Amino acid sequence: MKKLNSVLIILVASFTGLLAQDFDDALRYSQIFYGGTARFMSMGGAFTALGGDISTLSQNPAGLGVFRSSEISVTPQLYHIKTTTDLNGISSDYLYNFNLNQAGIVANIINNKKESGLISLNFGYTYTMKSNLNQNGLIRGVSNNSSMTDYWADVSAGYTKDELIDYVADADLAYWAGLIDTIPGYDKDYASIFWYYGDSAFADYGQTIRRLISTDGSTSEHSFSIGGNYSDKFYFGMTLGVSRIYYVSHYEHLEKAGEITPYGFDDFNYVLHYENTGTGFTAKIGGIFRPTDAVKIGFALHSPTLYKINEYVYDNISSSFTDGENRSYDNNPSRYSYALTTPFRALAGVAIQLKKIGLISVDYEYVDYSAAKFSETGDGYDYSDKNDAIRNSLRATSNFRIGAEMRYNNLYLRGGYGYYGKSFTNDELNKDLDYNTFSVGTGFREKNVFVDFGFTRQINSRKYVLYQSTAGDAISNMSIGRNMFTLTFGYKFGY
């Protein structure tokens, strides 16, 4: 086999690569799909101009000014996700998750019985799950043109075997596991065991590939808000948000030889595990203008969220051969700390009240994901290359939401739709990745008690990269469907 050239390989899917802190991580913690009450969810989250729902504290805090009384509510949720993959064969996996999607309280501070001036002032607190990050996935197929060992051979080029641990630690594991080795006559060029370490002009593939993917966690926010009503014409509000990240990513990559076993190779299993925990702070301001009794116009600005993130990562590899030899190696666990600044957001909306029959609400949201930025927190690490990758790989996008509600006595029927636009540039593999949500729901209100139910389905498709190499790539189509069953119990008081 001819000498390999050093290549730069950018892995564009989550779960790949030894370390995080890439543009996928920046996007994951910047995207918001707005969890909330069952009413909010069933109307597609289109509440920028509507207000009067406790979910608006994390979207447009001016909606807090619409409240005329105090309120407390809690919203549990059943979350179901199914992931279907295709790598020369279709596989699927799923999971169920019970979570607290939202809980909060609104307290009336000022309630003036007058028609002009400051009519009311309210304080509110909510806990909201912004994005549910739980997912299982199974990718399985036969590879006839490449192996993850070829990826390790590529990224090792330019380093001696003693330097691998310092520069490409996962490839160092592959070396000691007998999966790659230097090409005869060269001490900085490598080939995989499928190429007989460079002694053959042809590779022997046909091995079975299986990757098990598991992620757990969420991004959530504690919102502390104040909002008021001025003359029933203008509603205003502001929120201090304290966001939390908890994310665990784990995958196992197995390759098992077929009938041909180069150098007696049988199989290998590579495990990568990392955990992110972090806290961030953001500020939000908003207003709702009511030019007529039937029309509301809303706007809101969200400042960037400033995160401090702690990361824990480890990986290991095991290999076995037909002569009974087994090898197993681990890298020492590593810990990192870094900062992430997410982009600002701008929201606008219009809501129309259809007398006492119902209402319709439409939202627009702008966010520029390319403005996300990593920075160091004391270790002096230079994030300029990672930030360049963010600017080159992500882009500004527009999100749209629409919701409607119909009323019949104490019964409410609701529906909604949301579109979350493409966030990758046209040069990226996942340039067509977007999200669509469809929702329906119902509610019942009697005096100061209400119960709401909502169902939301979110769908998206993407390309998942297992690895890329000069020998060939392993890329799986991935379709993801999320079903969210949301139930809200609420109580109003302080009339």
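By class, the lining of the largest cavity comprises 18 nonpolar, 17 polar and six charged residues. Here Ala, Val, Leu, Ile, Met, Phe, Trp, Tyr, Cys and Pro count as nonpolar, Asp, Glu, Lys and Arg as charged, and the others, Gly among them, as polar. This is a predicted model, in which local features need pLDDT of at least 70 and side-chain atom pairs count only at pLDDT 80 or more, while totals for chains, interfaces and linings use all residues. Residues are numbered from 1 along each chain as its sequence is written, and side-chain values use heavy atoms, with hydrogens and water left out.

The largest cavity has a volume of about 680 Å³. Of the 41 residues lining the largest cavity, Phe33, Asn132, Tyr435, Gln458 and Arg482 are the closest to its centre. On a 1 Å grid over the protein atoms alone, a cavity is a set of points where a 1.4 Å probe fits but cannot get out; a pocket is an open set with protein on both sides within 12 Å along at least five of seven lines; and lining residues have an atom within 4 Å of a point. Grid points are joined across faces, edges and corners, and a volume is the space filled by probe spheres set on the points.

Which element gives the most to the lining of the largest cavity? It is S20, with five residues. Helices (H or I, at least four residues) and strands (E, at least two) are DSSP runs, numbered from the N terminus.

The second largest cavity has a volume of about 100 Å³. Of its 15 lining residues, the closest to the centre are Ile32, Lys130, Thr305, Thr342 and Arg345. That lining divides into four nonpolar, seven polar and four charged residues.

I turn to the open spaces. The second largest pocket holds about 1100 Å³ of space. Among the 45 residues that line this pocket, Arg39, Gly52, Gln353, Leu359 and Tyr412 are the closest to its centre. Its lining has 16 nonpolar, eleven polar and 18 charged residues.

Finally, a single residue. Phenylalanine 236 is placed in strand S8 (residues 234-256). Is phenylalanine 236 buried, partly exposed or exposed? Its relative accessibility is 29%, so phenylalanine 236 counts as partly exposed, that is, between buried (under 20% relative accessible area) and exposed (over 50%), with a 1.4 Å probe and protein chains only.
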